[in-house]
Amino acid sequence: MLVVSNIDLKINKPVTKPSEFLKSSFRGFVLNVNNDYRYMKTGYYVSLHAEVLGDEVVPTTENALDAYRPPILLTRTAKNGAPIMPFIVTDSVRQIMAEFAFPVAVFPVNPFSFNGFRTAENRTALYRAVKSLSMNYRYAVCVQPLQGEMMVVKCFFGECACEDNSARAVARKVYETLKIPVCKLYVQRFNGGAYLCGLQPLKMEEITPSDVDLLSKMVSRFSGKGWSD
Amino acid sequence: MTRIACFVEKYNFSNSREAEALQNFKQTAERLGHEFHFMFRGGLSEIPKYDSVFIRATTDPLYTAYVVSKTAWELGLKVVDDPVSIRVCANKIHQYSLFKKYGVPHIPTIFLSKEEFHHRQIAEIFEVFGKPVVIKAPYTSFSRYVEKVSCETSFREVAKRFFRRSDYIVVQKFMPSRFDWRVGVLNGEVLYVCKYMMPKGKWKHGVKKRGKPSFIWGRTVTLKRNNAPHRLKETALKACNIIGKGLYGVDIKEINGDYVVVEVNDNPSIYKGQEDLRDKDIYEKIIRFLSE
C-alpha cells in the first residue's frame, strides 16, 4: 500500500508527495490523504492517476466528485441510511419559498464556490443568497430547511474529535458511503438528532496539530500498522 | 411506452437550429409512442417519475447537468450522458491519459502542473513541439479555453489563467488543418459524420470575436455516414470504446493521410440542418437507445 499525502503525517511508513506520485507508475493500493479532493485539484488528480494506472485507490474520483456536490452527497448518503434534511436544487426563490419555511440554508452547486453556505431568514436575504451563490442565476443552489443549529465537524476517516454522538454517527456513515479520508461536514442538530447538510474540503490552516495526530492514527489503522509517536 | 426527460437550460433554445433539433427529438419520441418532456433546473425532484433522461444542457462535473445525470444513474434510469462519460469527456487530462494507456492515436500531448510551471519547462515544451503550441484547459468545450501561443510571455499569461481552476493543464503540438472531422457515435456505432470547417484565416472551428462575447463558427459540411472513410470511423470507434457506450462527438484531424483524435466530447451538438442533414435517422436512433 502506498500512502500519498500533502499533509505531514506522523506515521512509521514512507509517505509519497502527490507531485512524486503523479510521475510514478506505481501498481498496488493507493491511499490518497489530502486536505482537498476537489475536481481538478491535485488531490483529485492523484486519485485519477491511480485509477488510470489500474490501481485501487481511496477515495475514487467518482466519490471525490460526488462528495462535494451537495445534492449527490445527500442522495447517496441517505440511500445508505444517513439522516438528511429534505432539499431542493433550483435557482428559483419562488420555488424555495413554496417548498420551505424560513430560515433556510443555501449551499452552492457551482464550479467556483467551495467554502461555507448562506442562511436566509427572510425573502430579501434569500434573494441575496441565491443571487450570490448561483452566480447571478447562472448555476443552481441546494436549499435545505434550517431548523436547528448548524455544526461544522472535521472528519478524518469517519472519526471526529466532536463529543456529539449523533454527529459522529453521521460522520461514520458519510465515510462508509464515500470514503473521503479528510473533510469538513456540515451537520444540523435538530430534535436531538444530527442531519447531514454538506461536505467541504478542509483548508490546510484548519488542520491543527491534534488533527494531524488523529489523522495519522487513522492512516496507521487503515494500513494495518500500529501508530508510533 | 418510455417516459423520457430531456434536461435543458434556457440557452439550449437560443439557437434556432438547436431549438428545432430539440423539437425533432420530441416529435420523434411521440411518434414512436413515448412521452418526452423538457426538464429544467427546477424540475430535478421529478427525475424519479421518468424512465430515462437525455441531457442536452452543457455537461461538466461541476454543473447541474452532472447532478441530473448522477441522480438518474443512482435511481437506475437510463441516462445519456451517463456520469462516467461526463467525467472522462469533461476532463481532458483524464481523457488523454486513457488515450495514452490504450494506444488511441492522438495529438502529441503533455500535461503541465502548476508546480512545474517555470522557464526551463516552457523552453523544453517549445523545443519538443516547436512554435506555436496549443494550451488547453482540462475543462475546454465549444472551442473555449483552447489557445495558441508562440512565446513564453503569452504561454505564461494563458497558462496562469487556466491554472486558476485546474492544477494541471494540457499542452499540445499545433497541427493546423482546414477542418476537423466530427464523428457522432452512439452505443459503439457511427451515427453521423461531418466536417467542421475552420473560419477563414482561423485555426479552430469556433473563434471569439475580438472584444466581444460572441463567437464566429466555421461551416459544417455533412457526409452520409456510409460514405465516410472507413479508417476515420474505426479511429472514432476506438476512441469511444475506452469511454463507454453513450452518445459522443469525436473530433479527428486528418494529417498526411493519418487520423489523430483531437478529443471525444460527450453531449455533442445536434443542430437541425447540420449533423442531421444526410442521415435523418439520428433522432430515431437516439430515442430508441433511450427507450431500450
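Biologist: Which strands does helix α8 of chain B lie across?
Modeller: Helix α8 (residues 282-291) of chain B lies across β1, β3 and β4 of chain B, and runs at about 140° to β3(B). Contact here means that C-beta atoms, placed from the backbone, lie within 7 Å. Helices (H or I, at least four residues) and strands (E, at least two) are DSSP runs numbered from the N terminus. Axes are lines fitted to C-alpha atoms, for helices over the stretch in contact, with angles from 0 to 180 degrees between N-to-C directions.

Biologist: Where do the numbers and letters come from, and what sort of model is it?
Modeller: This is a predicted model: local features need pLDDT of at least 70, side-chain atom pairs count only at pLDDT 80 or more, and totals for chains, interfaces and linings use all residues. Residues are numbered from 1 along each chain as its sequence is written, while chains are lettered from A and ligands numbered from 1 in the order in which they are written.

Biologist: What order do the strands of that chain B sheet have?
Modeller: The order is β2-β1-β3-β4 in an open sheet of four strands, with parallel pairing; two strands pair if DSSP finds at least two bridges between them. The edge strands are β2 (35-39) and β4 (78-80) of chain B. Neighbouring strands are turned by 20° against each other on average, direction ignored.

Biologist: Which other helix packs on it?
Modeller: Helix α2 (residues 64-74) of chain B packs on the sheet and touches β1, β3 (52-55) and β4 of chain B. Its direction makes about 160° with that of β3(B).

Biologist: Back to α8(B). At what angle does α1(B) pack with it?
Modeller: Helix α1 (residues 16-31) of chain B and α8(B) pack at about 60°, with their axes 9 Å apart. So α1(B) is oblique to α8(B), because angles under 35 degrees count as roughly parallel, over 145 as roughly antiparallel, 65 to 115 as roughly perpendicular and the rest as oblique.

Biologist: Which residues make the contact?
Modeller: On α1(B) they are B:Asn24, B:Phe25, B:Thr28 and B:Ala29; on α8(B) they are B:Tyr283, B:Glu284 and B:Ile287.

Biologist: Now chain A. Which way do the strands of its open sheet pair, parallel or antiparallel?
Modeller: The pairing is antiparallel, in the order β5-β8-β6-β7 (chain A). The edge strands are β5 (88-90) and β7 (118-120) of chain A.

Biologist: How many bridges join β6 to β8 of chain A?
Modeller: Six bridges join β6 (residues 104-109) to β8 (residues 140-145) of chain A. A:Val104 has A:Pro145 in β8(A) as its bridge partner.

Technical notes. Contact = placed C-beta atoms within 7 Å.
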